[in-house]
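The sequence and the model come before the details.

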Amino acid sequence: MDGRITVVEGDITSQDTDAIVNAANTTLLGGGGVDGAIHRAAGPELLAECRTLGGAQTGEAKVTRGHRLPARYVIHTPGPVWHGGRSNEAELLASCYRNSFALAQDVGARTIAFPTISTGIYRYPIEQATAIAVREARRALAAELVQKVRFVCFSHRDAEVYRRELATRPR
């Protein structure tokens with residue numbers, strides 16, 4: 001396992017990394033789950049800044065300041081809704097990670113924390129989503145876009161899926 005990639009169980013809003021990623025909706029104006037938690041913890045300034053961004057398409061990413069969060073930046077990326085794998089979901093999810101890593105590099109963020117993107121209300125199967133997340137993290141580290149990646153899982157079950165995936169050799 002690569003020591004530059006870690007898995008923790010906990011709250012992404014408490015992560016002291018240069019950037020955290022928000023599993024946002026396309027409006028970028030807050031919502032439920034991780035998105036709502038990040039907006040609540042960052043304060044109303046985050047919503048005000050997000051209103052200036054004009055939303056984002058699925059797979060895109062946009063960056064704001066962290067405001068009241070320990071992280072300096074929040075990278076917002078709308079993940080795909082799962083439709084059985086018939087609607088380009090894998091490529092869209094990979095784009096979420098690639099675009100997030102590119103923005104992290106653009107703002108000088110060397111450490112980044114990700115939630116499990118699209119696996120909640122968007123119903124993306126956790127095992128498939130995790131394989132994509134880990135693959136893209138390994139690629140970003142190899143390209144030196146960032147120095148450390150942390151996957152922050154809300155549940156023990158999800159964290160175990162990430163740990164198993166990280167124990168496998170890169171595909």
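Helices and strands here are DSSP runs, numbered from the N terminus; a helix is a run of H or I of at least four residues, and a strand is a run of E of at least two. The model is predicted.

With that numbering, N88 falls in the loop between strand 4 (73-78) and helix 3. N88 is not a glycine, yet its phi is positive, at about 65°. The residue has a relative accessible area of 48%, so N88 is classed as partly exposed. A positive phi is also found at R123, where the value is near 65° and the residue is again other than glycine. R123 sits in the loop between strand 5 and helix 4.

## The largest pocket

The largest pocket holds about 560 Å³ of space. Its lining is made up of 27 residues, and those nearest the centre are A23, G32, G33, V34 and D35. By type, the lining of this pocket comprises twelve nonpolar, twelve polar and three charged residues.

Three elements each contribute at least two residues to the lining: strand 2 (19-24), helix 1 (33-42) and strand 6 (148-153). Helix 1 gives the most, with four residues.

## The nonpolar cores

The largest nonpolar core has 37 residues, and the members that touch the most others are Y97, F101, I112, F114, V149, F151 and Y162. At least two residues of this core come from each of strand 1 (5-9), strand 2, helix 3 (89-107), strand 5 (111-114), helix 4 (126-142), strand 6 and helix 5 (156-167). Helix 4 supplies the largest share, eight residues.

## P115

Not counting residues up to four places away in sequence, P115 touches I12, V21, A23, V34, Y97, V152 and Y162. Two of these contacts, A23 and V34, are also among the residues nearest the centre of the largest pocket. P115 and I20 are 95 residues apart along the chain, while their C-alpha atoms are separated by 8.3 Å.

## The cysteines

How many disulfides does the model contain? The count is zero. A disulfide requires two cysteine sulfur atoms within 2.5 Å. For C50, the closest cysteine sulfur is that of C96, 15 Å away, which is too far for a bond. C153 is in no disulfide either, as its nearest cysteine sulfur, also in C96, is 16 Å away.

Are C50 and C153 buried or exposed? C50 has a relative accessibility of 1% and therefore counts as buried. C153 has a relative accessible area of 0%, so C153 is buried as well.

Methods. Residues are numbered from 1 along each chain as its sequence is written. This is a predicted model: local features need pLDDT of at least 70, side-chain atom pairs count only at pLDDT 80 or more; totals for chains, interfaces and linings use all residues. Side-chain values use heavy atoms; hydrogens and water are left out. On a 1 Å grid over the protein atoms alone, a cavity is a set of points where a 1.4 Å probe fits but cannot get out, and a pocket is an open set with protein on both sides within 12 Å along at least five of seven lines; lining residues have an atom within 4 Å of a point. Grid points are joined across faces, edges and corners, and a volume is the space filled by probe spheres set on the points. Ala, Val, Leu, Ile, Met, Phe, Trp, Tyr, Cys and Pro count as nonpolar, Asp, Glu, Lys and Arg as charged, and the others, Gly among them, as polar. Buried means under 20% relative accessible area, exposed over 50%, partly exposed in between (1.4 Å probe, protein chains only). A nonpolar core is a set of buried Ala, Val, Leu, Ile, Met, Phe, Trp, Tyr and Cys residues joined through side-chain atoms within 4.5 Å. Contact means heavy atoms within 4.5 Å.
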